[in-house]
Each structure stands twice: as C-alpha cells, then as structure tokens.
Amino acid sequence: MAQRHPLRVLIAKPGLDGHDRGAKIIARALRDAGYEVIYTGIRQTPEMIAEAALQEDVDAIGLSILSGAHMTLFPRIIEELRKRGLHDVTVWAGGIIPAADVPKLREMGIRAIFGPGSPTAETIEFLRQMNAEPAADQSVATPR
Amino acid sequence: MTTHLQRTASADELASGLLAGDRLALTRLISAVEAGRDDAREAMRCLFAKTGKAHVVGVTGPPGCGKSTLTTRLALEYRAHGETVGIVAVDPTSPYTGGAILGDRVRMMELHGDPGVFMRSMATRGVMGGLARSTLDVVLLLDAFGKDVVIIETVGVGQDEVEIARAADTTLVVGVPNLGDDIQAIKAGILEIADILVVNKADVAGADRLVADLRTMLQLGPERGWPTPIQQTVAIEGTGVRELVEHIALHRAYLQESRTWHLRRADSARRQVRAIVEDRVQRRLEQLTTGADWESRFASIAAREEDPYSVAEEVLRQVAHDG
C-alpha cells in the first residue's frame with residue numbers, strides 16, 4: 001500500500017457529451033497513482049456531481065468536458081458544492097476549453113485546467129501539490 | 001443545509017451534527033472512522049446506543065452478476081414504500097498501488113437527487129473477505145443517521161468471502177446463468193450464507209437450469225428453520241425486485257419471531273469486539289515497532305544477538321500497558 005489513507009477523488013462528466021475516454025484514462029492513471037477514484041459516468045447534472053462529492057467526501061473533483069458548455073455548467077457545479085458546505089474541495093478540469101475562458105474559470109474556483117494532450121503525470125503532480133498545500137491559491141498547471 | 005464543518009471538525013461535533021440530520025457531518029464522520037481517527041472511536045461509542053434499528057441487507061455475488069444494478073432497484077423499491085435507504089458499496093483496492101476505482105455510482109444514477117438515499121463507496125484497502133475494515137462502522141453511522149434499510153454491496157466475490165453474512169441481517173447471494181459447469185460460482189461457502197438466493201439476468205438462456213441446480217442443492221442440504229427462497233430477477237428492468245423485497249421482509253419477520261435475530265446480532269457483536277481489538281492492536285503494533293531503532297533491533301535479531309521471542313514479549317507488554 002503506497003499510502004495509508006488514500007485521497008479520494010471524484011471524476012465526473014457534466015453535461016451531455018458522451019466522450020468519456022479522457023475521463024476514464026485519468027481515472028485509471030489516478031488509481032495507479034494510489035488514489036481512490038469515484039467514477040460516476042457520463043451525463044451528470046451539477047446537482048448529481050455535488051451530491052456525489054458530498055456522499056463520497058472527496059478531497060478533489062476532476063471535471064471532464066468536451067461539449068463547450070463549461071461556462072454554463074462549471075459555475076453551477078461550484079454553486080452546488082458551496083450550497084452543501086463543500087468549500088474545501090479542490091476542483092479542476094480537463095477537456096476542450098478555449099484559453100480565453102481560462103481566467104474566468106480560475107476566478108470562479110477551478111484550480112487547474114488541462115487541455116488535450118496533457119500527460120496524466122501533470123494532473124497527478126497537480127493533485128500532489130494541492131494536497132501538500134491545500135489552502136493556498138496557487139497556479140500549478142499551465143493551461144494550453 | 002449550509003453547515004461549515006471543516007475537515008478539522010472534531011468527531012464530537014460531527015456526531016452531534018449527524019444526529020441532527022446534517023449530511024455533511026455524516027459524510028465527514030464516515031471519513032474520520034475510515035481513517036481510524038481516535039476521536040472517531042469516541043464518537044462511535046456515543047452513537048452506538050442510537051443504532052440497531054435499520055434492517056441490514058447484504059448483496060454479494062461474483063463480479064458482473066448485477067449487484068450494483070440490483071442494489072439500485074432494491075433501493076428504488078424501498079423508496080417507493082417510503083423507507084429511507086443507506087448504501088455501502090465496496091470495491092477492491094489495487095494490491096500494487098493502493099489505489100482503487102469505485103465505479104458503483106455509475107449504475108446508481110437513478111438514485112441521485114433523492115435525499116432519502118445516501119450512498120457511500122468504500123475501497124477494501126487491502127482487507128480480504130469482501131468488505132472493508134470499517135464497513136460495519138459505516139453501516140452503524142447510516143443506522144444512527146436514521147436510515148430504515150442499509151444495503152451493503154460487497155466486492156465481486158469468488159467462493160469463500162463470507163464476511164457479509166456476519167455484517168448483514170439478511171444476505172442475498174446473487175448468481176447468474178452460464179458461469180461454469182453447474183454452479184461453480186456459488187457452490188460451497190457462499191451458497192451456505194444465503195438467506196435468499198437471487199438468479200439475476202433471468203432472461204438469459206440457462207437461467208432455468210441454474211434455478212433447478214440451486215433447488216437440488218438446497219434439497220440436499222440440512223433442513224433449516226428458514227427455507228431459502230430462490231428469486232429470479234432481471235435487475236436492469238426491475239423484474240422480480242418487488243418479490244425480492246417481499247422475501248426480505250419475510251426473512252426479517254422470521255428472524256424476529258425466532259430467536260435467530262438476537263443470536264445473529266450477538267454473534268456479530270462478538271466478531272465486532274474482536275475486530276476492534278485486533279484493529280487497535282495492529283495499529284499500535286505498527287507504531288511501536290517502526291523507526292530506526294527498530295531496524296537495528298531487527299538487525300540484531302537477524303545477527304542472533306537477540307531472539308525474536310523475548311523481543312515479542314517486550315512489545316506485547318508495551319501493547320498491553322498502553323491499553
């Protein structure tokens with residue numbers, strides 16, 4: 001056993017696109033890095049994601065999105081998390097997200113964004129650093 | 001519910017929150033218990049008196065037999081009767097990396113958004129037998145939270161993972177057709193723990209034969225106060241689930257009318273006491289015998305300067321002394 005108390009991470013796919021290959025690859029990579037990964041499948045509403053995060057008491061949430069609806073869905077996810085008192089959960093995202101949207105997303109509390117082609121090691125390193133210093137607002141990943 | 005329970009909240013605060021119906025407190029206390037926090041043990045002590053009311057239903061069977069789907073359907077059926085449901089779903093931890101993929105929620109989509117259901121995934125974290133180390137405690141927490149029914153879904157099991165029978169009041173063993181000649185997947189061991197046998201995917205050819213084989217096997221077994229029913233289901237469509245819930249209710253009535261309810265719970269209490277002691281001793285043992293000093297002690301044993309028996313005696317006295 002690599003860690004005594006593995007961190008718990010939720011991998012979720014909000015919205016209507018069904019392309020879950022990226023989400024599954026990240027889930028698998030995090031598993032192999034010693035995380036407990038809760039995988040919820042496709043077509044999740046913001047409420048479902050926040051509910052799963054609450055019931056599973058996750059340390060972090062990875063959102064995978066390729067539909068272009070991130071500017072609509074992400075703020076609602078953050079809001080649903082806050083409604084449930086989950087202020088201390090790290091949220092990051094992956095998928096197709098235009099660079100122009102990145103500053104706004106970061107402002108609303110998305111801590112990192114990984115575009116297509118990002119090595120899984122980057123995500124793992126990001127989570128390691130977040131876990132080491134969870135409180136500070138830091139820039140670890142470089143958006144593409 | 002807008003509480004502001006930080007991860008640093010004491011288990012005491014979490015326990016009061018739980019009793020007041022705060023789901024954030026419940027979820028954080030589950031994590032504290034799973035992490036083996038000392039104050040969580042204190043909280044469990046206080047909460048134990050509030051438990052014992054929920055009917056604990058175990059669902060076990062080989063990988064891919066439909067445990068998660070069946071669990072979802074059972075939960076929906078209970079919800080239709082107005083009963084609240086807790087679910088603990090156990091999945092395996094990788095023995096190589098310590099990581100896990102907990103994927104049971106994928107098949108439980110229909111339950112999301114219903115505040116009457118609380119579902120928690122657990123990884124085995126290296127424990128054999130089909131359950132995680134603190135599964136029983138999580139069941140107790142859901143019970144204390146007021147859930148009427150708590151369903152435990154085990155990891156996909158083979159033939160002798162029978163821990164579930166000690167954790168549940170009613171154990172469902174789920175089989176599916178065509179898993180081998182006769183009934184390889186659920187023969188000895190696991191067949192014996194079934195209070196109810198479920199033949200899932202009953203729309204698949206071969207289901208009738210599995211039912212017939214199981215029936216023969218039951219007839220060959222000893223006569224028991226509770227004749228084990230066999231229920232066919234097609235979980236994905238919900239077929240047979242209402243009947244299954246009726247069997248579960250009948251089993252509960254049987255347990256309560258006979259002395260079996262108390263005998264089972266006393267047996268489970270015995271195991272629980274022993275498991276708690278083992279767990280604490282094991283954690284203490286790890287603490288006590290780790291570090292540079294101990295590495296050199298072990299080296300000196302290897303060099304025959306000391307013997308392992310005396311050293312073990314010394315450690316044992318230390319463990320006993322600490323309590």
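# Notebook: chains A and B

**Entry 1. Two helices of chain B.** I began with helix α4 (residues 67-80) of chain B and helix α8 (residues 241-257) of chain B, whose axes come within 10 Å and cross at roughly 75°. Axes are lines fitted to C-alpha atoms, for helices over the stretch in contact, and angles run from 0 to 180 degrees between N-to-C directions. Helices (H or I, at least four residues) and strands (E, at least two) are DSSP runs, numbered from the N terminus.

I noted that this is a predicted model, in which local features need pLDDT of at least 70 and side-chain atom pairs count only at pLDDT 80 or more, while totals for chains, interfaces and linings use all residues. Residues are numbered from 1 along each chain as its sequence is written, and chains are lettered from A and ligands numbered from 1 in the order in which they are written.

Which residues of α4(B) and α8(B) meet? On the α4(B) side I found B:R73, B:L74, B:E77 and B:Y78, and on the α8(B) side B:V241, B:R242, B:L244 and B:V245 (contact: C-beta atoms, placed from the backbone, within 7 Å). The residues of this contact divide into five nonpolar, no polar and three charged. Here Ala, Val, Leu, Ile, Met, Phe, Trp, Tyr, Cys and Pro count as nonpolar, Asp, Glu, Lys and Arg as charged, and the others, Gly among them, as polar.

**Entry 2. The sheet of chain B.** I traced seven strands in an open sheet, in the order β4-β2-β5-β1-β6-β7-β8, with parallel pairing (two strands pair if DSSP finds at least two bridges between them). At the edges are β4 (117-123) and β8 (230-232) of chain B, each pairing on one side only. Neighbouring strands are turned by 20° against each other on average, direction ignored. Helix α7 (residues 207-220) of chain B packs on this sheet, touching β6, β7 and β8 of chain B, and its direction makes about 175° with that of β8(B).

**Entry 3. Strand β5 of chain B.** Five of the five residues of β5 (residues 149-153) are buried, so this strand is largely enclosed by the rest of the structure. A residue is buried if 20 or more other C-beta atoms lie within 10 Å of its own, exposed if 12 or fewer, and partly exposed in between, with C-beta atoms placed from the backbone. I checked both faces: B:V149, B:I151 and B:E153 are buried on one side, B:V150 and B:I152 on the other. In a regular strand the side chains alternate between the two faces of the sheet.

Strand β1 (residues 55-60) of chain B pairs with β5(B) over five bridges, and B:H55 has B:V149 as its bridge partner. Strand β2 (residues 85-91) of chain B also pairs with β5(B) over five bridges, where B:A89 stands opposite B:E153.

**Entry 4. Between the chains.** I counted 32 residues of chain B in contact with 30 residues of chain A. On the chain B side, α2 (23-34), β3 and β4 each supply at least two residues, and α2(B) gives the most, with six. The residues on this side divide into 12 nonpolar, 15 polar and five charged.

One open sheet holds strands of both chains: six strands in the order β5(A)-β4(A)-β3(A)-β1(A)-β2(A)-β3(B), with parallel pairing. The edges are β5 (110-114) of chain A and β3 (100-102) of chain B, each with a single partner strand, so one side of each is left without a neighbour in the sheet. The twist averages 25° from one strand to the next. Three bridges join β2 (residues 36-39) of chain A to β3(B), and A:V37 stands opposite B:I101.

**Entry 5. Confidence.** Chain B averages a pLDDT of 88, and 93% of the residues score at least 70 (pLDDT is the predictor's confidence in each residue, from 0 to 100). Within chain B, confidence is lowest in β3(B), at a mean of 84, and highest in β5(B), at 97. The predictor gives the complex an ipTM of 0.84 and a pTM of 0.87.

Methods. Two residues are in contact if their C-beta atoms, placed from the backbone, lie within 7 Å.
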